[in-house]
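I opened my notebook to get to know a structure that was new to me.

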Amino acid sequence: MPAYLVQDPLGVTCTFSKGRVRSLTLTLAEPYRGALSQDLVAGLVSLVHPHGRVDSAGLVRDHFLSIRQMVDALGGRTPRGARDLTVAMLSEFWLAHSNRTERHTRAMLLGLEESEVRLRGEAQRFTEGRKFNRASRSEPLAPYTEDDWAALHARCQEIVDAAYADHGAALREVEAASESALLEPTPAGVLRLLAQNGPASTGEVCEYFGIRDSVRQSALQVGPTSVRLFPSVETAFAYRTLFAARSGIVPDGIEDLGLGDIDWAGDTTILLNYFKGRTSRESNNLPKPAVSILQQWLKHSELLRSFASPETRDALWIRCRRGAPGRIVSRPMSNGEYLRLQGLRLPVRVSAPRVRTTFEALRDRSHWHGSEKATIDPNHSSPTEAERYVGKPTPKQRELLDSVIEDGQGDMLKRARTPLRVVTTQDAAEAARQLPQVVADLQLDETVIAELTGVERDVFAASCVDIFAGVFGPKGKPCPARPWVCLACPLAVFAPRHAVNLLKLKGFFSEQWRQMSSGEFMRHFGFYSARVDEVIRRFEDGVIDLARRRLETEPSTLPLRPEETTT
């Protein structure tokens with residue numbers, strides 16, 4: 001459902017992508033209520049989901065702030081609203097305000113194209129033009145240091161374990177208490193009362209026991225007793241932080257989780273469905289540490305959930321309201337609530353996006369094999385991932401990154417400096433004796449050179465000077481390289497007897513070209529495809545013609561692994 005304009009009071013009613021419907025009002029002093037504010041709000045309507053990228057109440061409020069600033073500066077000079085705006089007015093306003101205000105007001109004015117309001121021709125072109133204020137480049141979000149990360153884990157685990165142990169002890173006390181405890185105005189009586197009737201405020205408990213004396217009310221300890229039975233905001237925050245640190249799910253996805261999003265695939269396996277603001281619904285197979293903390297939370301909140309209303313019961317992070325133990329809430333935490341929780345004596349200030357960043361920075365990547373899908377987040381572009389997750393690695397990660405870069409640079413230099421050694425039948429022995437530098441470094445004797453000219457040292461597409469040299473694998477073990485990698489090897493010697501297999505390689509590259517995009521093919525096979533053409537061109541025409549005739553009677557397959565086949 002699209003957003004629509006509300007005239008009295010001036011505002012918008014929006015339905016965001018998460019299904020939430022919000023009515024937001026633009027509050028303006030009487031002198032500033034006029035045509036310009038109405039026009040800007042009308043332009044904002046075209047920017048709200050599903051027509052635009054404004055997809056939260058916070059973003060709508062940010063645009064309201066920009067509207068107030070523009071109306072405050074120009075409202076008195078625009079009796080007919082946006083129609084009266086001139087290039088001079090817009091220049092004056094945008095030069096005096098921030099990039100965000102300029103970006104918002106430009107977008108809202110351009111959004112008026114879908115309404116009956118039109119800017120002047122020169123003002124319209126000016127609004128569509130270049131911005132005055134450049135956006136400041138944001139710093140990459142730095143992950144927590146390993147010490148801070150370990151300390152945060154330990155502190156949250158300490159809070160969770162203490163709360164869960166106290167909760168278990170409270171349930172055992174309730175089971176051991178007699179029915180007469182309900183008649184006694186003591187902490188034990190309060191415990192039994194809350195366990196049977198659900199969360200209650202101090203006033204409600206005191207009314208039940210008929211207590212009006214403030215001193216006796218304090219002695220009942222309703223708040224601490226309620227925390228023992230029902231998760232508080234602090235306890236829920238510790239659970240949620242620990243869950244985020246173990247699962248790596250985006251913060252907005254964790255906030256809106258419900259019981260219906262948990263899909264059990266066994267006793268210890270969970271497929272979690274969550275909502276990501278940028279890409280809508282996503283699923284994630286939770287790691288075991290995240291499953292264990294989620295199971296503990298469901299047990300901890302089970303009693304409170306039994307007293308919750310139907311619309312609140314299905315929320316995952318259900319809790320008692322801070323300062324009002326009789327109220328059950330499930331809404332996302334407000335910024336003020338979030339900041340007050342720093343009183344938990346956590347070792348560092350908790351930032352939900354930074355928790356995810358640290359999870360990704362420290363995640364084990366040993367199972368990656370160069371796949372394009374093996375990124376931190378497949379929804380991010382490479383620059384975004386580099387800026388958010390790889391921008392500030394730890395010293396150990398920097399050392400590993402440097403070694404990877406050095407290896408890559410070495411491979412590029414090796415390819416660029418590798419000469420092609422293509423010989424004919426007549427001069428094969430002489431060419432093998434003249435292999436520059438390689439022969440000298442490896443101290444080849446006459447026996448090895450004779451084997452090179454024969455077939456003893458043949459691999460698929462060439463003869464190899466030393467298959468145990470360790471150019472593309474561990475030294476002392478047979479080379480594990482794929483057949484086409486010989487085209488980039490400094491130890492490879494190509495003779496006419498290899499022409500048939502070289503043509504097979506050329507056919508394999510043609511098949512890959514048909515199945516891959518051009519960019520993907522060039523990344524994987526572009527260099528080798530160009531090299532095999534260069535080798536084939538150096539042979540005499542008679543050699544190639546004979547190889548083609550032989551190819552007609554031989555299978556044209558390569559020694560490939562199962563995952564490399566093209567059928």
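These are my entries, in the order I made them.

**Ground rules.** I am working with a predicted model, where local features need pLDDT of at least 70, side-chain atom pairs count only at pLDDT 80 or more, and totals for chains, interfaces and linings use all residues. I number residues from 1 along each chain as its sequence is written, and side-chain values use heavy atoms, with hydrogens and water left out.

**The whole chain.** I looked up the secondary structure and found 25 helices and 10 strands. Helices (H or I, at least four residues) and strands (E, at least two) are DSSP runs, numbered from the N terminus. Of the 567 residues, 41% count as buried; buried means under 20% relative accessible area, exposed over 50%, and partly exposed in between, with a 1.4 Å probe and protein chains only. The chain exposes about 30,700 Å², and carbon and sulfur atoms supply 52% of that area. The area comes from the Shrake-Rupley method with a 1.4 Å probe. I then took the contacts between residues at least 6 apart in sequence: 64% of them join residues at least 24 apart. A contact means heavy atoms within 4.5 Å.

**Helix α4.** Among the buried residues of α4 I noted Asn99, His104 and Arg106. The cover over its buried residues includes α1 (35-45), α2 (57-74), α3 (87-95) and α5 (121-128).

**Arg106 and its rings.** I came back to Arg106, which lies over the face of Trp94, at 4.0 Å from the ring centre. Arg106 also lies over the face of Phe126, at 6.0 Å from the ring centre. A charge sits over a ring if NZ of Lys or CZ of Arg is within 6 Å of the ring centre and within 35 degrees of the ring normal.

**Aromatic pairs.** I found 15 aromatic pairs in the structure. Tyr239 and Trp297 make a tilted one, 5.0 Å centre to centre with 55° between the planes. Rings of Phe, Tyr and Trp (its six-membered ring) pair if their centres lie within 6.5 Å; planes under 30 degrees apart count as stacked, over 60 as edge-to-face and the rest as tilted. Tyr239 is in helix α11 (residues 233-247) and Trp297 in helix α13 (residues 288-300), so this pair ties together parts 58 residues apart in sequence. Tyr239 and Trp297 are both buried.

The ring centres of Phe509 and Phe525 are 5.7 Å apart and their planes are at 45°, so I logged that pair as tilted. Phe509 and Phe525 are buried too.

**Cysteines.** How many disulfides does the structure hold? I counted zero, taking a disulfide as a pair of cysteine sulfur atoms within 2.5 Å. The closest cysteine sulfur to that of Cys464 is in Cys489, at 5.5 Å, too far for a bond. Cys464 counts as buried at 13% relative accessibility, and Cys156 does at 1%.

**His498.** My last stop was the loop between β10 (492-493) and α23 (499-515), where His498 lies. His498 is buried, with a relative accessible area of 2%. Leaving out residues up to four places away in sequence, His498 touches Asp458, Ala461, Ala462, Ser463 and Val493.
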